[in-house]
Number of protein chains: 2
Amino acid sequence: MEIDPGLFQENERTAPSADNRRYAQIGPLDCEAGGRLEEVTIAYETWGKLNAARDNAIVVCHALTGDSHAIGWWSNLIGPGKAIDTDRYFVIGTNSLGGCQGTTGPASPHPDDGRPYASRFPIITLRDMIEVQIRLIDTLGIDCLRAVAGGSMGGMQALQWTVQAPGRVRKAFVTASCAAHSAMQIGFNEAARQAIIRDPKWRGGDYPPDDGPDAGLSVSRMIGHLSFLSEQAFAAKFGRRLQGKDRPDYRLGVEFEVESYLNYQGDKFTRRFDANSFLILTRAIDYLELTSLSASESEYLFVSFSTDWLYPSHQSRHLLQMARDAGCPARHVEIDLPYGHDAFLLDGVQQGAHLNDFLSN
Amino acid sequence: MEIDPGLFQENERTAPSADNRRYAQIGPLDCEAGGRLEEVTIAYETWGKLNAARDNAIVVCHALTGDSHAIGWWSNLIGPGKAIDTDRYFVIGTNSLGGCQGTTGPASPHPDDGRPYASRFPIITLRDMIEVQIRLIDTLGIDCLRAVAGGSMGGMQALQWTVQAPGRVRKAFVTASCAAHSAMQIGFNEAARQAIIRDPKWRGGDYPPDDGPDAGLSVSRMIGHLSFLSEQAFAAKFGRRLQGKDRPDYRLGVEFEVESYLNYQGDKFTRRFDANSFLILTRAIDYLELTSLSASESEYLFVSFSTDWLYPSHQSRHLLQMARDAGCPARHVEIDLPYGHDAFLLDGVQQGAHLNDFLSN
């Protein structure tokens with residue numbers, strides 16, 4: 001497996017924000033865990049046209065730190081002539097409930113006082129996230145989706161769609177994902193959460209918007225990036241190269257390129273993401289524990305990647321078994337690529353071919 | 001591969017401190033990276049008796065956060081009748097230079113003013129660590145070691161012994177280790193370092209001994225523990241069990257057992273380890289880059305573990321090739337156990353059998 005360095009573009013995870021973002025007010029939400037939001041806004045974008053039968057819509061769900069601009073972060077799969085073909089399908093990208101890119105989340109103004117919800121934001125679950133998306137397609141006058149699609153957290157959302165809204169989802173594309181986080185996946189999230197929670201600037205969640213726990217949030221992102229790549233991807237991308245020098249400086253500052261990369265990614269993350277959103281969203285996905293797909297009426301395509309150790313292939317094989325046990329048509333493809341978990345964002349070719357075939361038939 | 005929960009004992013990584021610890025003053029040290037220590041103390045312990053020929057000594061090198069009490073953290077391999085048989089060998093455990101368990105390190109008093117070295121402690125390398133150990137065996141009147149042995153950082157030290165003191169090391173046991181950290185290994189260390197460095201209480205390294213960067217240090221330890229276990233070990237040990245309850249509390253505090261474990265390990269670590277030592281030692285091992293063993297006159301046993309993804313087996317296979325290229329007798333054994341990197345501490349049976357055979361012949 002050769003590494004193509006060109007595939008590691010910054011914009012894969014940080015596509016510019018949408019310029020056609022819209023918002024829908026979808027009313028109050030009683031959360032599964034007991035909390036309540038009095039008024040929920042959902043940010044979304046669409047590409048392509050809804051047909052007369054209103055049966056060509058595809059909802060795309062983003063991963064942990066993504067946003068509604070799916071055509072940006074999933075440009076390898078979405079667009080004219082791509083697997084999620086905007087010439088054929090009406091594609092809807094939304095920002096998740098609890099996120100920080102337009103949909104109601106911890107950084108949104110509380111209706112009572114206009115200050116951020118912050119520590120007042122309720123714990124949410126995947127059920128709440130999907131409830132908000134269901135109300136959006138109700139607003140758009142769509143009864144049944146052609147498909148839902150997502151990777152990682154987005155794949156978990158796609159799964160939840162199929163059991164929460166049976167009969168409203170024909171097909172589900174679930175890539176680099178799982179039915180329930182393992183102890184190790186929860187563990188990686190917990191270390192990242194603790195980096196934030198133990199930062200004194202987190203202040204129990206009630207930090208000023210311009211003086212948040214940036215130190216902790218950047219470390220949480222470094223932990224994330226360590227889990228997104230495979231060992232061989234790290235080796236191919238950085239090796240033991242020093243950062244802009246021939247000899248070490250022998251100091252505690254950056255010596256190796258990989259250190260520069262992690263610090264850069266960590267710092268950049270603090271400028272686009274809210275620490276409380278990170279806590280709320282990782283909590284939500286850690287809670288998800290789908291033990292059966294028997295409620296589902298969907299057809300599934302599960303994809304996993306050979307070098308993805310964060311969402312390993314055995315989790316997708318388990319999903320395949322769950323779908324078959326539920327009597328749902330399903331297939332699983334393991335793609336042999338060296339990029340680790342990030343492959344679900346980077347691979348348009350193999351993933352795209354399987355997805356195109358799945359959606360077209 | 002079945003998991004034996006009994007093997008995960010707390011004391012494997014936190015054996016009680018030695019009660020027979022001794023200290024040797026071994027003079028000033030000019031460090032490879034340019035710094036200088038005016039007076040170095042090395043803390044050590046010994047078990048067994050040095051024979052009349054003075055040729056039965058084995059130096060045991062500890063992993064990143066270990067200490068001289070090798071018979072504690074490596075009780076599966078060291079003791080009467082064990083592979084490193086204290087009835088036959090004179091076993092020497094030392095605390096590494098830069099550590100915080102008696103050997104000169106950043107928390108030691110600076111000779112000028114008695115306050116901790118802290119930010120004044122020089123960057124050190126593996127060469128400096130081994131130079132200190134060489135001076136100790138000089139002090140003890142030992143010319144040639146029967147063996148050096150170590151896992152992880154300890155294995156890297158054992159390797160360095162063989163090229164730095166050729167003719168003074170008959171055999172080297174190197175387990176779960178490597179000749180040079182990969183980008184991913186450096187990356188894990190860097191995220192852990194940044195958790196400390198970005199903690200405002202680190203204060204550029206000059207923190208009061210009783211008010212250090214505990215938040216960052218505990219997060220660094222959580223990152224470490226994530227890398228010590230395999231996915232299957234995490235699953236067997238914790239699964240998705242909640243911590244002392246049947247239903248989630250739906251709050252940001254501890255919900256799952258694995259979260260409790262990581263927080264406990266992180267907090268405990270701050271009570272026994274110095275943050276600057278963590279920085280100095282991880283830096284040292286990241287710098288090591290052995291490209292040849294041609295200077296060596298030792299015989300090698302390399303061991304790796306099938307589920308150790310932090311120090312994967314291919315690194316030990318590479319070491320085997322390096323030893324053969326250097327004309328040194330060498331063998332490599334990959335042991336199939338589910339415990340991840342921690343296997344080098346947990347496995348006395350298989351590792352012990354190979355080591356016993358290696359040392360006896």
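## Domains of chain A

About 2,500 Å² is buried between domain 1 of chain A and domain 2 of chain A, with carbon and sulfur atoms giving 62% of that area; buried area is the accessible area (1.4 Å probe) that two parts lose on being put together, summed over both. Domain 1 of chain A covers 5-181 + 289-360 and domain 2 covers 186-281, with bounds taken from an automatic or database domain assignment. The contact (heavy atoms within 4.5 Å) takes 33 residues from domain 1 of chain A and 29 residues from domain 2 of chain A. The C-alpha centres of these two domains are 25 Å apart.

## Basis of the model

The model is predicted: local features need pLDDT of at least 70, side-chain atom pairs count only at pLDDT 80 or more, and totals for chains, interfaces and linings use all residues. Residues are numbered from 1 along each chain as its sequence is written, chains are lettered from A and ligands numbered from 1 in the order in which they are written, and side-chain values use heavy atoms, with hydrogens and water left out.

## Ser304(A)

Ser304(A) belongs to strand β11 (residues 299-305) of chain A; strands are DSSP runs (E, at least two residues), numbered from the N terminus. Ser304(A) is buried, at a relative accessible area of 0%, where buried means under 20% (1.4 Å probe, protein chains only). Leaving aside neighbours within four places in sequence, the contacts of Ser304(A) include Ser313(A), His332(A) and Glu334(A).

Technical notes: Helix = DSSP H or I, 4+ residues; strand = E, 2+ residues; numbered from the N terminus. Buried < 20%, exposed > 50% of the residue type's maximum accessible area, 1.4 Å probe, protein only.
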